[in-house]
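Here is a brief report on one protein chain.

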Amino acid sequence: MTLAERFPDLFAPARWEWGGLDVQFATEPPPDELVTNVHVICFVGDEIVLCRDDREVWIVPGGTREAGESIADCVVRELREEAGASLAGPLRTIGAHYAVSDRPAPYKPWQPHPRKAWLWCTADVVLDSAPTNPDDAEHILEVRTFPLTEALKKSRTDGPHLPPLLELAAELHRIGSR
């Protein structure tokens with residue numbers, strides 16, 4: 001059985017109305033120049049790190065790349081800002097949401113438009129400080145680790161795409177930990 005058959009909700013075309021985006025998930029990594037956002041499904045042992053923001057939404061750490069920022073530098077910055085975390089192992093790409101925007105201009109002037117990609121990765125992390133909560137980002141109120149079943153419930157607050165991403169990430173994490 002293919003991943004698309006096992007995770008039909010993840011691989012189905014979707015509309016992210018908040019961003020004016022039509023998206024489609026694929027496991028093929030996107031070209032670097034298309035990646036506008038990087039998100040990391042973080043593990044502490046077998047538990048998944050989720051961050052609760054001031055909207056009462058549970059998110060995985062990640063966000064928008066800055067102008068000229070590498071994917072690795074974006075990951076390090078976003079982990080610190082949103083989770084107070086540091087990498088404790090390699091960053092592994094699990095796929096991307098390829099997107100086409102119907103907005104007249106890119107979100108940030110340096111971003112590709114109208115085609116872009118949201119990169120999804122996994123990594124083992126250490127929660128070693130408080131989130132830095134910069135003024136121009138989400139305000140994180142709480143960072144916690146959860147067993148997969150609880151993480152799946154909490155992550156629904158961020159949208160239907162996140163629970164199957166967590167399931168896929170947990171499966172790949174188990175395989176990689178062997």
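Of the 178 residues of the protein chain, 46% count as buried. The model is predicted. Its surface exposes about 8900 Å². Carbon and sulfur atoms supply 54% of that area.

The secondary structure comes to 5 helices and 10 strands.

| Property | Value |
|---|---|
| C-alpha trace along the principal axes | about 45 × 40 × 30 Å |
| Radius of gyration | 15 Å |
| Positive side chains | 18 |
| Negative side chains | 29 |
| Distance between the centres of the two charge sets | 3 Å |

Why does a radius of gyration of 15 Å agree with a compact globule? A compact globule of 178 residues would have a radius of gyration near 16 Å, so the value for the protein chain agrees.

Now to one helix. Helix α3 covers residues 71-83. At 1.5 Å a residue, its 13 residues should span 18 Å. The end C-alpha atoms of α3 are 17 Å apart, so the span agrees with that expectation.

Which residues in α3 are buried? They are Ile71, Cys74, Val75, Arg77, Glu78, Leu79, Glu81, Glu82 and Ala83. That set includes the charged side chains of Arg77, Glu78, Glu81 and Glu82. Gly84 follows α3. The phi of Gly84 is positive, near 60 degrees.

Definitions and conventions. Residues numbered from 1 in each chain as written. Predicted model: local features only at pLDDT ≥ 70, side-chain atom pairs only at ≥ 80, totals over all residues. Heavy atoms only, no water. Helix = DSSP H or I, 4+ residues; strand = E, 2+ residues; numbered from the N terminus. Rg over C-alpha atoms; globule rule 2.2 N^0.38 Å. Buried < 20%, exposed > 50% of the residue type's maximum accessible area, 1.4 Å probe, protein only. Areas by Shrake-Rupley, 256 points an atom, 1.4 Å probe, with all protein chains shown as cover. Charge placed at Lys NZ, Arg CZ, Asp CG, Glu CD. Expected span 1.5 Å × (residues − 1).
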